[in-house]
Each structure stands twice: as C-alpha cells, then as structure tokens.
Amino acid sequence: MINCSAIGDALFTKTQQRVLGILYGKPEQTYYLNEIVRLAAVGKGTVNRELEKLCSAGLLTVSRQGNQNHYQANPNNPIFNELKAITQKTFGIVDIIKTALTPLLPQLSCAFIYGSIAHGTDHAGSDIDLMLVGDEISYGEVMGLLPPAEKQLGRTINPTMYTVAEFNDRKANHQPFIKRVMEQPKLWLFGDNEPSNKQD
Amino acid sequence: MEVLDNLVKIKELNREPPNQVEFDGMILAATTKLHDVKLQGLSSDSQFSLAYSAAHALALAALRWHGYRSDKRYIVFQCLQHTLCLENAKWRVLDQCHKRRNLAEYEGHLEIDAQLLKELIALANEMLGRVKALGSIQGKSGA
C-alpha cells in the first residue's frame, strides 16, 4: 500500500506540513500566529517565515484584528481545492487519525472517514464521521485513543464500528445507512482494497 | 463542586438540592430497565433504548446527588467524569450512544452495532454500582 505520509514528506517540509495541516485542515477558520505556533509545535521564527511565504504566494490571507495578524487559507487561490485535498490525504486529518489508531491496526479490516469532511462540505464546527470495520475492537478503547487527534484537529470524532461480518451483512442487505455511506465520497485510512469492496 | 459550579455560571447546569425520594426512584427505574434488558426475545433497538435510558437515569441521579440538574442529556453524560469519576473514554461512549439516538430521531430508525450495545449495557451496570456507592443523601459529607 502506498504510504501517504511519504508523499507528504516528498512534497513538503515538516514545517510546511504542520502549517498547511492547520490552515488547510480547517480552511474556514482564522488563526493568529501564537495559535499556529502552539498547534504546530514548531519555533515562532520558522512558522513566521513560512506564513510570510504562503501569504505572498496567495495561498493564505492575512488580516489584522486588534494587535494580532489572523491567517486563513485563501479560498480564491487557483489550487485551493487541490491543496486542501492533498493536505487531508497526506499529512492532515487522515494521517493524524491513522497515527492515533495505530494500536488497533492488527484488528482493523478497513477504516475511513465519511460525511461532510469527506464530501468537502464541512464547516469549522463539523464533526468527523469515522467508520471502523474490524473484529474485537471496543468503543471504550477507541474513545481512549482519539482525544489527542481530536485536540490536534480541533474537531470531535464520532466513530461507528462494525465487525467484518456485521459490515458485510449490512452491505449485502443494502441496509440504508451503509448503502448511503458506501455511495458517498470517503477518505480512506486503512484497507481501501478490502475484499467486501470488490463485490460492488 | 467547583467544575460543576462553573457550568452553572454558563447556564449549562442548574443548582437544585438533592431529594432522596427522587434519587431512589431513579435508581429503581434504572434497575428495572437493566433487568428488562436481559429479557429473551427483545430486539436490539429495544435493548438499546432500555440500556440508554437506564444510563441516563443513573447519570442524572449522580448529578442530582451532587445537587445539580440539567435537561441537556449530553451535559448530564459529560458531568459523569466529575459526578461518578468515570474515565473520559467511558462517558465518551455514552456520548456516542446519545448521538446515535438523536440521529435515529431524524432518520426514523436506529442503527446500532452489537459492540456499542454490549458496551452500553456493561457501562450502565457499572454506573448502577457507582451510583449506589454514593450512599444516601442525608449521609453525604462535604456536599
């Protein structure tokens, strides 16, 4: 399987990934410098240089509010949608949630994000809808693993979990919820070539 | 309790002195529901409804024992970390049940997986033990 974080590393420096991950991870939100520094956990000078570069290229906008500069992804730049998608798929939301769920990897058959975020219709307050298919996973365990990712992403994550048998049964019976989810766009975390998918 | 008092300030909670009769009634209601959950032949929808409302009754009983009330279910569940010292991961599971139940009201049908139901029932039983361990309202110290 292609490693998405390797793609991110080939294209962008770690600082760029962190900064883009914040601003293009939540494009409708503005952030002030210290906030970005805190979330990115990179030095202020480094972040500042990156922000200046991104602003002068038109990828970010900056507005003065009181005595603070507020930065935001610029939706009017020609590669806004592409950059948002690259961010999500490589070092943004997908990578962050994948990292959080690493301890569950052996039990997971597939995992993906669906709903407004996968659709691209999310807003700043949107929750992340997460589907986990695997055996012997508990909600308690998952809810224990997700908080750091939720904090980093600034969004609540709502997991739905099925065993492989439950998931395949529901797919075979065209259960409305699963049917709708499967027809919608998804951001895959693990197992996008899972066997149950090939039957369609 | 300071954390809960802060929630009163932002109007998420109200203060209301606890009442033993009400408290006992909530425990009894939850006990009955958790007994009924085990009845043969129930659908998982019904089992979920019973276990969910038992969990809510117990969470509310705990909040009332401490002298507060809220008509917002998610707040009642969120307060469990303080009222019953429930671990975050556990009240978050209840929060998921709450969201699933709300979604069902819009979608007209409840979509519950076996794992969530199993964990909800186990959690509600654990909460029953913890609420009983709070003891009588008259006997509580430092309230």
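Why is helix α6 (residues 93-101) of chain A largely enclosed by the rest of the structure? Seven of the nine residues of this helix are buried, where buried means under 20% relative accessible area, exposed means over 50%, and partly exposed lies in between (1.4 Å probe, protein chains only). The buried residues of α6(A) are I93(A), V94(A), I96(A), I97(A), K98(A), A100(A) and L101(A). Helices (H or I, at least four residues) and strands (E, at least two) are DSSP runs, numbered from the N terminus.

The model is predicted, with local features needing pLDDT of at least 70 and side-chain atom pairs counting only at pLDDT 80 or more, while totals for chains, interfaces and linings use all residues. Residues are numbered from 1 along each chain as its sequence is written, chains are lettered from A and ligands numbered from 1 in the order in which they are written, and side-chain values use heavy atoms, with hydrogens and water left out.

In α11(A), residues 176-183, the buried residues include F177(A), I178(A), V181(A) and M182(A). Seen down the axis of α11(A), its buried residues fall within an arc of 125 degrees, so they line one face of the helix; the arc is that of the directions from the helix axis to the C-beta atoms. An α-helix has 3.6 residues a turn, so residues three or four places apart point the same way. On the other side of α11(A), P176(A) and E183(A) are exposed.

Next come pairs of helices. In chain A, α2 (residues 14-23) and α4 (residues 44-56) pack at an angle of about 65 degrees, with their axes 10 Å apart. Axes are lines fitted to C-alpha atoms, for helices over the stretch in contact, and angles run from 0 to 180 degrees between N-to-C directions. Angles under 35 degrees count as roughly parallel, over 145 as roughly antiparallel, 65 to 115 as roughly perpendicular and the rest as oblique. α2(A) and α4(A) are therefore roughly perpendicular to each other. Residues that make the contact (heavy atoms within 4.5 Å) include V19(A) and L20(A) of α2(A) and V47(A) and L51(A) of α4(A).

In chain B, α6(B) and α7 (residues 114-134) pack at an angle of about 125 degrees, with their axes 10 Å apart. That angle makes α6(B) oblique to α7(B). Among the residues in this contact are V93(B), L94(B) and C97(B) of α6(B) and L116(B), L120(B) and L123(B) of α7(B).

Within chain B, E22(B) forms a salt bridge with R64(B), the closest N and O atoms being 2.8 Å apart. The pair links distant parts of the chain, 42 residues apart, with E22(B) in α2 (residues 20-36) and R64(B) in α3 (residues 44-65). E22(B) counts as partly exposed at 23% relative accessibility, whereas R64(B) is buried, with a relative accessible area of 2%. Salt bridges that share partners join E16(B), E22(B), R64(B) and R69(B) into one network.

Note on methods:
A salt bridge is a side-chain nitrogen of Lys or Arg within 4 Å of a carboxyl oxygen of Asp or Glu.
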